[in-house]
Every structure is written in structure tokens, then in C-alpha cells.
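These are my notebook entries on a structure that I looked up. I record each item in the order in which I examined it.

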Amino acid sequence: MKLQESFSAALLNPRTPPPTGIVGYNDDIDRRFAVYSNNVQSGLINALATSYPVVAQLVGEAFFQAMAQMFIQKYPPDSPVMSTYGSQFAGFINSFAPARSVPYLADVARLERLCVQAFHAADICAVNPGLLTQALDNPEGLAQLHLQLHPGVASLQSPYAIAALWAAHQSLGQIQGLNPRQPQSVLVLRNELRVEVFTVSSGCAVFVHLLKGGNTLGLAAGHALEADPDFDLGQALALLISHNTITGLQPTHEALP
Amino acid sequence: MNSKTTRTLSAAALALALGSALSIAALPAQAAGDMEKCFGVAMKGHNDCAAGAGTTCAGTAKTDNQANAWKLVPKGTCEKTASSTSPTGFGQMAAFKAKS
């Protein structure tokens, strides 16, 4: 067990010499171990660059490689599934001092993570709109309604213009005249096979966040209005329904924990 | 959460919002429905989703025209698309048992 631990630690740190006790067919252990170590590290760095293409563009390749190198030493993979690797990257960026000159970097990373999650989320069909129409027959029960959302749906609020920054880095938007200090809230979802990113009101972000947490329609709408007096519930519901993100509804009266 | 500070919406306000949402959403929802899931027509690794128990991801079909892998195709064309594995000779709207 001791050898295994020192072996894996040395794999992820280019400055650590190979552990003692390794033998090979020739004596060039250092060089041979370095080849293996380099493959592991570049594989992980490539996985991060694939999941966070806009972060990589924002800081440039050299900076990204160095930052990713430090990340993988701190957070080695805990699953063989590379698409889930790097979920702590945004938090790491937040505390990574050299990245402070790009204050919106961590939030852009959060947005990119949500896109990856949405892309790989389970495939669940939208609820028949007829069931929503039926729910209208009992207006008194609407406040207690639980709307289940597609597992790929997520919202994010940021003090920076993360949706505009994100779009501008994949030829979906313009970089000219973009003010990164404009607060933006985004909604990420997958409609059929397409991951879509919408700029929404802060109320809509709160609303989706609370629905996703299992709260009732009445509670989520109430808190969204509290956070954003201009919150338009009809518009938020229309966005969710028309993009096939409501996957079920339960007219339950159960108290939530 | 503190319910005292939370605005509560009346049943009528909720009904109005949901009603307007359903009417706004009605058109795009129909437009999005012009594709259908077609089983048994995807080439190996090019299925859009669902291949094998427990998998949920695209590109996992192991053989051409795999019977439990689907691809999105324009509506109405699925059952006209040739499938070498399908007992009917064409794609099907649900997963099927491949003929041997």
C-alpha cells in the first residue's frame, strides 16, 4: 500500500522522483517513469481543457496548462469517468491567486461545468402539456404543485456578464462593447440533444434553483418575486415548458424536510 | 427559509401565469416535435442516445443498426429507413429485438 501511494503521488507531480522499489528491464527508471507520469498529467490536463474551453481561451494555453497542473495535484481524479473530472475546478480558480486579474474566470468555469453536466444528464422526456393544463382546473392546488425539472437544468447568478463572455468566445456573440462587470444570470438546459444557455432575470434563476431543490411552485415563485420584483412567472414557466424541461408534476401536500 | 418575509402569490395569479405560459409555449413545443426517435438505424458510435441497460449517452452503440439505440430523424421517415437488424426491414419507433 505504501508503494502504491507514493507511486500515485509521484505520477501527478513532475518534481517528485519515482518511488524507490520500482524495477525495469533496463536501468533508466527515471526516464521511463517520467514518460508515464507525463502521459497521465497531459491526459488530465486535456480532459480539463475539453470541459473548460472558454476558460482556456480567456487565460491562454500556457497559463491554463500551469493552472491545470496545480489543480490535478490537488484534486486527482476520483472516478474513471473523465467527463466528470474537474468539478472542483471553479472553486480552485476562485482561490488561485494568479487568476485574480480575471475576476470572472471562476464563474465562467461554473457555467462551462453546468454545460458539461447538462450534456451528459440522463435522457428524460418532457411531461405532456395536457397534465399542466389539467393542473389549471384546480387553481387552489397550484401553490403546492411540485414541478420536476430535467436533470440537466441549472441556473447560475453572477456579478459578471458570464453568458455574454461565454457566447463571445464561441462565435455566438460579440466581444466589442462587452462590459464584463454587468451582472448576469443564466439558465442552462438540454433540449433534446442540444445544450442551450439563456440569459435570464435574477428572479428566474432563483425560481429554477428552488424548483430544482424540490420546492413547491408557490414557494419558488414567492422567493423569486422577493429577490426580483420584476420577476415574470409566466415568462419563466413558458421558457421551461417550451424547452421540454418540465419532466413531471406532483400535486402533493407533503411537507418537505 | 423565512416564510414571513416571502410574498405569497394568490391562486389566481399562479393560474394566470401558468395559463399564459402554456399558451406562449404551445407553438414552439409543436415546432420541436418535428423529429422522432428511430431505433435500429444508427451507425456504430453515432446513435443519439440509449444503448444498453443503464447508459444514457450518445455515441455508445457498439454495432451498426443496433436495435436498442436511437437516432433523431425527421418525423415520418423512421419507418421508411432501412435497418439490417429490424424484423420489418426498417427503423422502428421503439427498441426491438434484433433478428438473428
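Entry 1: I began with the definition of burial: a residue is buried if 20 or more other C-beta atoms lie within 10 Å of its own, exposed if 12 or fewer, and partly exposed in between, with C-beta atoms placed from the backbone. Is B:S86 buried or exposed? I noted that B:S86 counts as buried because it has 21 C-beta neighbours inside 10 Å. B:S86 sits in the segment after strand 2 (70-74) of chain B. Helices (H or I, at least four residues) and strands (E, at least two) are DSSP runs, numbered from the N terminus. I then looked up the contacts, where two residues are in contact if their C-beta atoms, placed from the backbone, lie within 7 Å. Apart from neighbours within four places in sequence, B:S86 touches B:G40, B:G91, B:Q92 and B:F96. I also noted that B:A98, 12 residues away from B:S86 in sequence, is 5.7 Å away in space, C-alpha to C-alpha.

**Entry 2: conventions and confidence.** The model is predicted, so local features need pLDDT of at least 70 and side-chain atom pairs count only at pLDDT 80 or more, while totals for chains, interfaces and linings use all residues. Residues are numbered from 1 along each chain as its sequence is written, and chains are lettered from A and ligands numbered from 1 in the order in which they are written. I recorded that pLDDT is the predictor's confidence in each residue, from 0 to 100. Chain A has an average pLDDT of 91, and 97% of its residues score at least 70. In residues 253-257 of chain A the pLDDT is below 50, and this stretch has 3 contacts in the model beyond near neighbours in sequence. For chain B the mean pLDDT is 71, with 63% of the residues at 70 or more. Residues 1-5 of chain B have a pLDDT below 50, and the model gives this stretch 3 contacts beyond near neighbours in sequence. Residues 28-32 of chain B also stay under 50, with 5 contacts beyond four places in sequence. Where pLDDT is low, the predicted coordinates should not be read in detail. For the complex, the predictor gives an ipTM of 0.76 and a pTM of 0.75.

**Entry 3: chain A as a whole.** I listed 11 helices and 5 strands in chain A. The domain assignment gives domain 1 (1-102) and domain 2 (124-257); such bounds come from an automatic or database domain assignment. The C-alpha centres of these two domains of chain A are 36 Å apart. Along its principal axes, the C-alpha trace of chain A spans about 80 × 45 × 30 Å. Of the 257 residues in chain A, 35% are buried.

**Entry 4: helix 2 of chain A.** Does the length of this helix agree or disagree with what its residues should span? The expected span of a helix is 1.5 Å times one less than its number of residues. Helix 2 (residues 29-51) of chain A has 23 residues and should span 33 Å, and its end C-alpha atoms are 33 Å apart, so the two agree. The buried residues of helix 2 of chain A are A:L44, A:L48 and A:S51. Among the elements that cover them are helix 4 (61-74), helix 5 (89-94) and helix 6 (105-120) of chain A.

Entry 5: In helix 11 (residues 233-242) of chain A, 8 of the 10 residues are buried; A:L233, A:A236 and A:L237 are among them. A:N244 lies in the loop between helix 11 and strand 5 (246-250) of chain A. Its phi is near 60°, a positive value in a residue other than glycine. Most residues other than glycine have a negative phi. A:N244 counts as buried because it has 21 C-beta neighbours inside 10 Å. I found a positive phi, near 55°, at A:E192 as well. A:E192 is in the loop between strand 3 (184-191) and strand 4 (194-200) of chain A. With 15 C-beta neighbours inside 10 Å, A:E192 counts as partly exposed.

**Entry 6: chain B as a whole.** Chain B has 1 helix and 2 strands, and from the N terminus on its elements run α-β-β. Of its 100 residues, 32% are buried.
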